[in-house]
Amino acid sequence: MMMRIAIAGGGLGGLTLARILHRHGIDAVVYEREASRSARSQGGSLDLHPESGQRALAQAGLAGRFRSEARPEGEEHRILDPAGRTLVHHTPQPGSFSGRPEIDRAALRDLLLDSLPGDTVAWQHRLVAATPRPDGGFGLTFDGGHHADCDVLVGADGARSVVRPLLTDAKLSYVATLVELSISDADRRHPDLAELVGPGNLWCVGVNQILAAQRLGDGGIRVGISLRADDRHLDTYRSKRALLDMFDGWDSNLTALVEAGDSAPTPRRIEALPTGTRWAHQSGVTLIGDAAHLMPPVGEGANQAMLDAAELAGELAANPDPDSAIQAYEEAMFTRIHPIAEMSARVQAMMLSPTAADDIIRFFSRRPTEPAPAD
């Protein structure tokens, strides 16, 4: 199959797509805006689901390497109330990969990067425009004036995708505010907090707000504060003092997670595409991951992006006509994503509701698990 495939975005979805295509003998170029793999922090850890993220890694031939990097113990989670009382405590079976083991985003990205030929990723190539060519395909323009052409363009370029407007004019909506802090070397510097968080995730659920903490593979802790969408300026949340005031009356062992942050809090708005977003098929272009179906961050985003990549790669490898392959991928993806996007929206609203504690207990009590795929 002699076609030039351009993947805009070197996140987990774009790299998974490039890796599976490579396994099928199909070359692709990943255009990534960052200067290198270590240019910025890749965020916290994520749990890979057997039916999506782990399935994609199996198709990428990386399930074994994933198991060597992942932390099954990271699936442990506890839900507390503002007084510090434990409402739910889930402990996974030691060493088992049958559930949703955690892996740091940086480790997973490195695993994918290391599985690709060195010239697959064109670093420091931020796409600024994609223009349809009269004879098919697209002309690509990058920040700094670089240009390239492609026959097939895949937008894996996230929430503010440059490729998305080629297909749909769907607009993002503001659904919540997330404020993040990090605590490095927690076992040595804050052993009490390390014990409180444990090896996995901790959620402290109040009325319309959540204080969460997540253990990372490097021994650090990532702290996240989720708040309902409001009209306050983001600068409101850059002060630890202001955040602590929001948790007035909470157990001091919980608010110590905010006080221990290594630097000033980092706030950002959480946005989502409308549930049911879809587009009419257009020749030579499609979307995967957040570019296609940005959802609230309740555990599905990375997993669905990787599954998008696996399914698109499978269609492109099996079908000599790329447009037929893309169309088949899109129809299946729209059908798959719709209920997941609806569920994600409901969970996001539930987590920040006045009755969140009771609702979340019911949600986690019925969460299914499936066996992990073999490599």
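Mentor: Arginine 40 is partly exposed, at a relative accessible area of 46%. That value is computed from a predicted model, as is everything below. UniProt, in an unreviewed entry, lists Arg40 under "binding site". Arginine 40 sits in the loop that runs between strand E2 (29-31) and strand E3 (45-47).

Ten of the twelve residues of H1 are buried, which leaves the helix mostly covered. Among the buried residues are Leu12, Leu15, Arg19 and Ile20; Gly13 and Gly14 are also buried. An α-helix has 3.6 residues a turn, so residues three or four places apart point the same way. Just after H1, glycine 25 takes a positive phi of about 80°.

Now the sheet itself. Three strands make it up, in the order E8-E9-E10, and the sheet is open with antiparallel pairing. Strand E8 (127-132) and strand E10 (147-150) are the edge strands, each pairing on one side only. Direction ignored, neighbouring strands of this sheet are turned by 25° against each other on average.

The pairing of E8 with strand E9 (residues 138-142) is antiparallel and consists of five bridges. Two of the residue pairs can be named. Alanine 130 has leucine 140 in E9 as its bridge partner, and threonine 131 stands opposite glycine 139 in E9. In a regular strand the side chains alternate between the two faces of the sheet. The hairpin of E8 and E9 has five residues between the strands, and within the hairpin glycine 136 takes a positive phi near 100°.

On the other edge, E10 covers residues 147-150. Cysteine 150 has a relative accessibility of 1%; it counts as buried because that value is under the 20% cut-off. Cysteine 204 is buried too, with a relative accessible area of 0%.

Methods: Residues are numbered from 1 along each chain as its sequence is written. This is a predicted model: local features need pLDDT of at least 70, side-chain atom pairs count only at pLDDT 80 or more; totals for chains, interfaces and linings use all residues. Side-chain values use heavy atoms; hydrogens and water are left out. Buried means under 20% relative accessible area, exposed over 50%, partly exposed in between (1.4 Å probe, protein chains only). Two strands pair if DSSP finds at least two bridges between them. Helices (H or I, at least four residues) and strands (E, at least two) are DSSP runs, numbered from the N terminus. Axes are lines fitted to C-alpha atoms, for helices over the stretch in contact, and angles run from 0 to 180 degrees between N-to-C directions. UniProt positions are given in the numbering used here, feature names are shortened, and annotations may be inferred rather than shown by experiment.
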